[in-house]
Every structure is written in structure tokens, then in C-alpha cells.
Amino acid sequence: MKLKEIGEFGFIDRFAGLFGSLVPDNIKGIGDDCAVMPLDEHDDMIITTDMMVENTHFLSDKITPFQLGYKSLAVNLSDIAAMGGTPVASFLSLAIPVNTDVEYLDEFIRGFKVLSEKYNVPLLGGDTTRAPEKITVNVCVLGKCVKNKAILRSTAKAGDIVCVTGYLGDSSAGLKASIEGITGSEDTEYLISRHYLPVPRLEEGKLLASAPGVNSMMDISDGLASDLKQILKASGKSAAVDIEMLPLSPGLIRTCADKGWNTFDLAVSGGEDYELLCTISQENYEDVKTRFRMEFKKELFRIGTVSDGVPMIKWTKRNKTIDVNNKGFDHFL
Ligand code: ADP
Ligand code: MG
């Protein structure tokens, strides 16, 4: 059997359970944005790692080294945000071809450092090796969150409202614009920066984790369709999402109208927006939404509802069920 027949998640499912007996009850291992371990009487420690491979995650003639350094840390901080945590330290491992310009690497480190300083996350170690041809970057981030308050994927409840913290589809539109060389307008620059310089929603994640009724959370890295499905699979629940409720940025709407791109395909299946996806109990939803608006001067967007049932998403438009191309990103399918 080839990897492409089972995909990334099929592969992870094959081995995730094999280590279960080695994982103590008070540790949360494979299956969430971060692993969670007890730290002290007040906090838990959370740990995540994410890799960026040249020609798979980035094209070196499109992304600048500054952006690559920034983004390789940002995607890890996003996983910390997804638990409602605070980042504490990072580790950086690099595999680099021998003929790489040192100035390129200096710029990479500058991008990494700008974000490290913004969130006060020191780089504490890593590894550097020679690569045959292409650059690979792996980052690990340690963080902490209030004891037993990390928000997991596996605890969505029937009746919860499904919410996202910001616009969907911008990042994949930005990638498309960058690859097709559609640059220069304010809208395309906005979309392209959403792709190359994503903002980890750390403050939003902390507020959501501290609010009563936020039952499950993750960050959107592979696309709404794929990522919401992960929450549903982990929680054993079903959901309905109204595609007309999906938040679309004015820049995305104008660019899609201009280029003939489908906004909903991008918002449903496009990855790397790094917004947070959460489910909130109905009785707490209005309070959380109000707190979120007061704190961040922006909306927490309601897009659907969780129900009992098999883990799948029913996509609706004006109360009618519709078919959408609901594949998110998988490295091997
Ligand atoms: P995320 O997109 O939040 O980084 P992924 O979808 O990449 O999460 O991974 C899903 C889960 O599988 C995570 O808990 C991650 O730690 C785990 N995982 C992925 N690849 C591996 C691996 N090679 N070994 C162990 N765990 C893995
Ligand atoms: Mg994640």
C-alpha cells in the first residue's frame, strides 16, 4: 500500500494508538494542536512542532527569507494559540544546502527574531545540518496554559455554535496571486501578506480559553473543511455550516470577482489562514462574542452548529443542503 492511498491522517492514525499505553493519564499526546503535560500546580506545559519544506510548503523564489523565518515560527505559535496558551521558548532545526548565501540565512533569522521579540519567545536551541538540495525548517515551541484549561479538539458538544476568529480564504488567494504574479494592488498585497506573514491569534486564543463555554478549539492550517472535520472526529460529533456565513475579506471578494476565482472554494478548502476555529455552548455564546468584540474591536464569526451524529459537515446555503468541494489540504492525497 502506498502512502498516497491513506493520506497524512490515515498514516498518523496507523501509529498514534501504538504509543497509548506509554502515555500516562495526565498527559495528552498525539491528536491535538499541542501535547499537554503537567508543569506545576498552576500551569500545564504545551508543546508543538511544525516543519516547512522547500517546494512543499514554500517556493524559495516567491517567499523572502525574512518571511520564511517569520512564518516558520508563526505557524507554531498558532498551535499554541489554538490551546489558549502562552508561548515560552522555541527550538529551531535547519537542513541547508551548502551553497546557501549566508545573507539569506541572516534574513531568515531576522524574520524569526522579529516574531520572537513580538511575543517574547526566546530561541533556546536547535540543530543545523547539511541538506542535499532543498531547505527544511523545523520549529518546536514550548508554551504553558492554566492547569486543565487547555482547550482540546475532542470536547465539542452537541448544540455548540461553531465560530472562527477572522476571514477565511485570504491565505490561499494570496498564494495563488503570488504564484500567478498578480501583485501591486492594495488587495493583492493584503492577500499575499496574509499568506506569507500570518498573525498567530495568541491574544484571541487566551481570551477564548478563559471564557466559560468555549468547549473545543484548533487553528485552521489545512482549511476549514479538513480542520472542522478533525474537531468532529475527535469529539464524535456532526456539524452544519452555512457557507453564506463564512467571513470573507473585502480584498478577497474584490480579487475573486476580478479574477473569476471562487470565494467559497478558497474559504472552505484553502489552508493556512491560521485563524482559530472553536465551538461555544449556546448559553455562553453571546457573552463570549461581546467580550471578544470589546477586547479586539472585531467580530467572532458564527458559521454553524454542532450536533450529535457521525463526524461529517453538512454544508448549507439558505437552509438548503449543498455539495461543496470539501477537501482540505493533505500532504499525500
Ligand atoms: P497541526 O496541523 O495542528 O500541526 P497536524 O494535523 O499536523 O496538527 O497533526 C495532527 C496530530 O498528529 C498532532 O497532534 C501532531 O502532533 C500529530 N503528528 C503528526 N505527525 C506526527 C508524527 N510524525 N509523529 C507523531 N505525531 C505526529
Ligand atoms: Mg494546529
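Which polar side-chain atom lies 3.2 Å from an oxygen atom of ligand 1?

Mentor: The model is a predicted one, and the distances below should be read as computed from it. The atom in question belongs to Ser221, whose side chain places a polar atom 3.2 Å from an oxygen atom of ligand 1. Of the 550 Å² of accessible area that ligand 1 has on its own, the protein covers 64%.

For Asp33, the separation from an oxygen atom of ligand 1 is 3.0 Å. For Asp50, the corresponding distance to an oxygen atom of ligand 1 is 3.4 Å.

Asp33, Asp50 and Ser221 belong to a shell that also holds Phe9, Ile12, Phe15, Ile30, Gly31, Asp32, Asp79 and Arg153. Sorted by class, this shell has five charged, four nonpolar and two polar residues. Helix α1, spanning residues 3–16, supplies the largest share of the shell, with three residues.

Ser78 is part of helix α2, which runs over residues 65–83. Ser78 counts as buried because its relative accessibility is 0%, where the cut-off for that term is under 20%. Leaving aside residues up to four places away in sequence, Ser78 touches Pro200, Asp219, Tyr274 and Leu276.

How values were computed. Residues numbered from 1 in each chain as written. Chains lettered and ligands numbered in written order. Predicted model: local features only at pLDDT ≥ 70, side-chain atom pairs only at ≥ 80, totals over all residues. Heavy atoms only, no water. Near = heavy atom within 4 Å. Polar contact = N/O pair within 3.5 Å; in protein donor to acceptor, adjacent residues only side chain to side chain. Areas by Shrake-Rupley, 256 points an atom, 1.4 Å probe, with all protein chains shown as cover. Helix = DSSP H or I, 4+ residues; strand = E, 2+ residues; numbered from the N terminus. Nonpolar A, V, L, I, M, F, W, Y, C, P; charged D, E, K, R; others polar. Buried < 20%, exposed > 50% of the residue type's maximum accessible area, 1.4 Å probe, protein only. Contact = heavy atoms within 4.5 Å.
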